[in-house]
Amino acid sequence: MSIETISTPAITEARRQIDICNACRYCEGYCSAFPAITRLRQFSDSDISQIANLCHNCRGCYYACQYTTPHEFDLNLPRALAEVRNESWQDFIWPRGIVRLFQKQAWATVLATVLGFAAIFALMRSIGSSSNGIGFYAVLSHTVMVAIFLPAFLLPVFSIGLGLRSYWRDLGGQRIKMAHLVDAFAQAASMRNLAGGHGDGCNFEQEERYSGARKHAHHAVMYGFLLCFASTSVATLLHYVFDMPAPYPLLSAPKILGLVGGVMLTCGCVWMLALRRHAEAKLSDPSVRSAETAFIVLLGFVAATGLALYALGSTVWMPALLAIHLGSVLSFFLLTPYTKMAHGFFRLAALVRDAQQRDG
C-alpha cells in the first residue's frame, strides 16, 4: 500500500512516533495496536487510522516508555493515537459539520436538545394523550411515540452505516468471513485490550499501577446499554407479534432487562466519570475531552431518568418525568453519530480488519 503524500498533522505526528515504536518494540505484546505496528515497515494514513482504532488508550505503553519527555523523542503515543482516532470517525460520519459543532459546543448542544425536546413532549401531551391509554400511553399515545422515535433511531443508523462503509473502503477491507467477525466481537465483548495485553489491567487512572476498574466500568456501560436495548426489543416483539401492549408487570422480561440494564448503565457512567477525574489529561485528545464528558453524562441521564420512571410511574410526577426522559432519549438518538459512541463502531471495523490481516 502506498504512503499518502498529504497527511493531517495528527497523522504525521502519529507516524513519527509509530516509526520509533517499531524500531524499539519494547511494548510489542501490550495490546492489538503493537502487533499491527510490527507487521509493517511503512505506514499509510489508513494504516495509522486502523492502529489508532485498535488502541484503547490504556496508557501502559506510555508509562513503560523510555522515550517520553524529557527525552528528545518526546513520545506520547496514547495522545497521538487518540487524536488520529477522533479524526478517523469524525471525518467519515455524515454530515461532518454537525460532528465539528458538537465537539465544540457539546454541553450547550446536550442541554438545548434535552430541554427543548422535553418541552415539546410536555406540550404534545394534550395532542398525543389517549383516553383509552394506560400508564405512559395515557400521557402520549403509542402511535405518536413510534412516529417520533422510529425515524430518530433509523437516522443515526443510516449516518453511521454510511460512515462505516467509507471507512472500510479506506482501510482496504476485504470480504468479511464469519471467523473475522467472531474474533472482532470476542475482543470487543471481553475488552481484552483494556487489560493492557498482560491481563493485569490498564494504567488509565492509576498511572504506573495497574487497575481493572476502567475495563469493569466499560463493561457496565456496554452491557447495561445492551440490556436496555434488549428490553425495548422484547417489548416491541410482545406488542406487535403477541398482541401484548405495555404496561408490563415487574417480573416480565422487559421490566427485568430494563431495570438491570438501567442500574448497570447508570452506575457505569458514574464510574467512568470518576475515573476520568484521576486520569492524566495530557495522554488524551484535549479537543474532545469536554464532548466526551458531556456524552457520558447524557447517557447516564437517560438511564437514571428511566429508572426514575420505574420508581415513580404511578405518581403525579410521571408526566413530567416522562417528558424529561423522552427528551433525553431523543437527544441521545439524534446525537449518537456525532458523539464518542460512534467511535465504537469504527473500532469494531478496525478489529475486523485486523483479524483479516492476521489471517493472511
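## Helices α13 and α14

Axes here are lines fitted to C-alpha atoms, for helices over the stretch in contact, and angles run from 0 to 180 degrees between N-to-C directions. In this predicted model, the axes of α13 and helix α14 (residues 318-335) cross at roughly 150° and come within 9 Å. Angles over 145 degrees count as roughly antiparallel, so α13 is roughly antiparallel to α14. The crossing of these two helices is left-handed.

On the α13 side, the contact residues are F295, L298, L299, F301, V302, T305, G306, A308, L309 and L312. They meet M318, L321, L322, I324, H325, S328, V329, S331, F332 and L335 of α14. By class, this contact holds 15 nonpolar and five polar residues, with no charged ones.

## Helix α15 and its two partners

Two packed helices are described by the angle between their axes and the distance between the axes. For helix α9 (residues 142-171) and α15, the angle is about 30° and the axes lie 10 Å apart. The two helices are therefore roughly parallel to each other. Their crossing is right-handed. From α9 come I160, G163, L164, Y167, W168 and L171. From α15 come F345, F346, A349, A350, V352, R353 and Q356. The contact of α9 with α15 divides into 10 nonpolar, two polar and one charged residue.

Helix α10 (residues 178-190) also packs on helix α15 (residues 341-359). Here the angle is about 130° and the axes are 8 Å apart. That value makes α10 oblique to α15. The crossing is right-handed. α10 contributes H180, L181, D183, A184, F185, Q187 and A188 to the contact. α15 contributes L348, L351, V352, A355, Q356, R358 and D359. The classes are eight nonpolar, three polar and three charged residues.

## Cavities

Rolling a probe the size of a water molecule over the atoms shows where empty space is left. A search of the whole structure turns up two cavities of 30 Å³ or more. The largest cavity holds about 60 Å³ of space. Its lining consists of Y30, C31, F34, C55, H56, N57, C58, R59, C61 and P78. Seven of these lining residues are nonpolar, two are polar and one is charged.

The second largest cavity has a volume of about 40 Å³. It is lined by N86, W89, F102, Q103, V288, A291, E292, T339 and K340. Three helices each supply at least two residues of this lining: α5 (77-92), α6 (96-104) and α13 (289-312). By class, the lining has four nonpolar, three polar and two charged residues.

## Backbone features in loops

Two cis peptide bonds can be located. One runs from T69 to P70, with omega near 15°. P70 sits in the loop between α4 (60-64) and α5. The other runs from A246 to P247, with omega near 5°. P247 sits in the loop between α11 (213-240) and α12 (253-278).

M191 is placed in the loop between α10 and α11.

Notes
Residues are numbered from 1 along each chain as its sequence is written. This is a predicted model: local features need pLDDT of at least 70, side-chain atom pairs count only at pLDDT 80 or more; totals for chains, interfaces and linings use all residues. Side-chain values use heavy atoms; hydrogens and water are left out. On a 1 Å grid over the protein atoms alone, a cavity is a set of points where a 1.4 Å probe fits but cannot get out, and a pocket is an open set with protein on both sides within 12 Å along at least five of seven lines; lining residues have an atom within 4 Å of a point. Grid points are joined across faces, edges and corners, and a volume is the space filled by probe spheres set on the points. Ala, Val, Leu, Ile, Met, Phe, Trp, Tyr, Cys and Pro count as nonpolar, Asp, Glu, Lys and Arg as charged, and the others, Gly among them, as polar. Helices (H or I, at least four residues) and strands (E, at least two) are DSSP runs, numbered from the N terminus. Angles under 35 degrees count as roughly parallel, over 145 as roughly antiparallel, 65 to 115 as roughly perpendicular and the rest as oblique. A crossing is left-handed if the near helix is turned anticlockwise from the far one by less than a right angle, and right-handed if clockwise. Contact means heavy atoms within 4.5 Å.
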